[in-house]
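Please look through the structure shown below.

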Amino acid sequence: MPERYVPKEAIGHGDGGSAALAIGEAESLERRPGAAPPGAGPPGPLGKPRSLWSDAWHDLRRNPVFVLSALVIVFLVVIAIWPQLIATGNPYRADLAKAQQGSQPGHPFGFDTQGRDVYTRVVYGARASITVGVCATAGAALLGSLLGGLAGFFGSWSDTLLSRLADIFFGIPVLLGGLVFLSVVTGTTVWPVVGFIVLLGWPQISRIARGSVVTAKQNDYVQAARALGAGNGRMLLRHIAPNAVAPVIVVATIALGTYIALEATLSYLGAGLKPPTVSWGIDISTASTYIRSAPHMLLWPAGALSITVLAFIMLGDAVRDALDPKLR
């Protein structure tokens, strides 16, 4: 009598159930390893497990907030590097006969108090803002990650010293500190502003980096590497840093938009960038007294600044959602 396969649903209690169970076990032993049971569909492809970064990128590509903000940022970076692509005029060329006039053919944003094309100045103003934001964020992230990572890894007196030093910088008001610092360190380039932002921006990054390193060094794979004789440099670079850098990237991305707004605020108060540098903050400061007679002078650079800051903050929020496993 030929054997037949008895499904699990037919297995009951008592002698019949035991016999059916024995038949099922026998058939499972006779099948080749890896073969599907009778009635099963074709085996699906075995997916390769994704890492944290590939998993985050998989989520980011499907996030419309990330896609939209990334497109805006790429556009801003391109016009910051090559403003001639969309603005063929000269941002310093003035025609007093056209002062404070509104939109005209070839000049969609109108003119400022000196007859300069507002559209051209808005386009060229992206260069100073993007440069300050990117350089200040890179400097603060590198300095804060280095100091915070070393303090969190070695602990002891270095951790205590860094914590007290960070508390001192946290106690300095940003605007007041900028007014004092930039009144002493003056220049016509963006680097004094970048240096000030790095000086006050690294403590926030250092605390995030320290906490991430303290958490990462307690993992089993770090303890195993230490037991196998790995040195401090190898553990920091190969095991701890790749798993502790995600929170730093999230905070730095959000801070980039904040630094751009800080540069515009300092330039508006007269302590940041100085003419002849083309800056959104300088143009907003100049146009603020003419908001009733010529509102277009204020609205366009202020709108460009708002869109830029919002794009970086939205990008940081999307990256945070993708890299934080608690939000999945």
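This is a predicted model: local features need pLDDT of at least 70, side-chain atom pairs count only at pLDDT 80 or more; totals for chains, interfaces and linings use all residues.

A cavity is, on a 1 Å grid over the protein atoms alone, a set of points where a 1.4 Å probe fits but cannot get out, and its lining residues have an atom within 4 Å of a point. Residues are numbered from 1 along each chain as its sequence is written, and side-chain values use heavy atoms, with hydrogens and water left out.

The chain as a whole has 11 helices and 0 strands. Helices (H or I, at least four residues) and strands (E, at least two) are DSSP runs, numbered from the N terminus. Read along the sequence, the pattern is α-α-α-α-α-α-α-α-α-α-α. Of the 328 residues, 38% count as buried; buried means under 20% relative accessible area, exposed over 50%, and partly exposed in between, with a 1.4 Å probe and protein chains only. A contact means heavy atoms within 4.5 Å. Among contacts between residues at least 6 apart in sequence, 67% join residues at least 24 apart.

Which residues line the largest cavity? They are Asp112, Arg116, Val118, Arg121, Val122, Asp283, Thr286, Ala287, Met297 and Pro301. Helices H4, H10 and H11 each supply at least two residues of this lining.

Two of these lining residues, Asp112 and Arg116, also form a salt bridge, with 2.8 Å from N to O. A salt bridge is a side-chain nitrogen of Lys or Arg within 4 Å of a carboxyl oxygen of Asp or Glu. Asp112 is buried at 7% relative accessibility, and Arg116 is buried at 12%. By this rule the structure has 7 salt bridges.

Another of the salt bridges joins Arg207 and Asp167, at 2.3 Å from N to O. Arg207 lies in helix H7 (residues 191–216) and Asp167 in helix H5 (residues 156–170), so this pair ties together parts that are 40 residues apart in sequence. Arg207 is partly exposed, with a relative accessible area of 45%, and Asp167 is partly exposed at 32%.

Elsewhere, salt bridges that share partners join Arg164, Asp167 and Arg207 into one network.

Asp117 is a charged residue without such a partner: it is buried yet has no salt bridge, and the nearest side chain of opposite charge, Lys98, is 8.9 Å away. Here Lys and Arg count as positive and Asp and Glu as negative, while His and the chain ends are not counted. Asp117 sits in the loop between helix H3 (64–81) and helix H4 (118–154). Beyond its neighbours within four places in sequence, Asp117 is in contact with Arg93, His107, Gly110 and Phe111.

A nonpolar core is a set of buried Ala, Val, Leu, Ile, Met, Phe, Trp, Tyr and Cys residues joined through side-chain atoms within 4.5 Å. The largest has 33 residues, and those with the most contacts inside it are Val122, Ile130, Ile260, Trp280, Leu305, Phe312 and Leu323. Helix H2 (52–60), H3, H4, helix H9 (232–268), helix H10 (280–287) and H11 are the elements that give two or more residues to this core. H11 provides the largest share, 12 residues. Leaving out residues up to four places away in sequence, Leu305 touches Ile260, Ala264, Trp280 and Ile284. A second, separate core of 23 residues includes Val132, Phe169, Val194 and Phe196.

Two points of the backbone remain. The peptide bond from Pro275 to Pro276 is cis, with omega near 15°, and Pro276 is found in the loop between H9 and H10. Gln100, in the loop between H3 and H4, has phi near 65°, a positive value in a residue other than glycine. Gln100 is partly exposed, with a relative accessible area of 28%.

Key: On a 1 Å grid over the protein atoms alone, a cavity is a set of points where a 1.4 Å probe fits but cannot get out, and a pocket is an open set with protein on both sides within 12 Å along at least five of seven lines; lining residues have an atom within 4 Å of a point.
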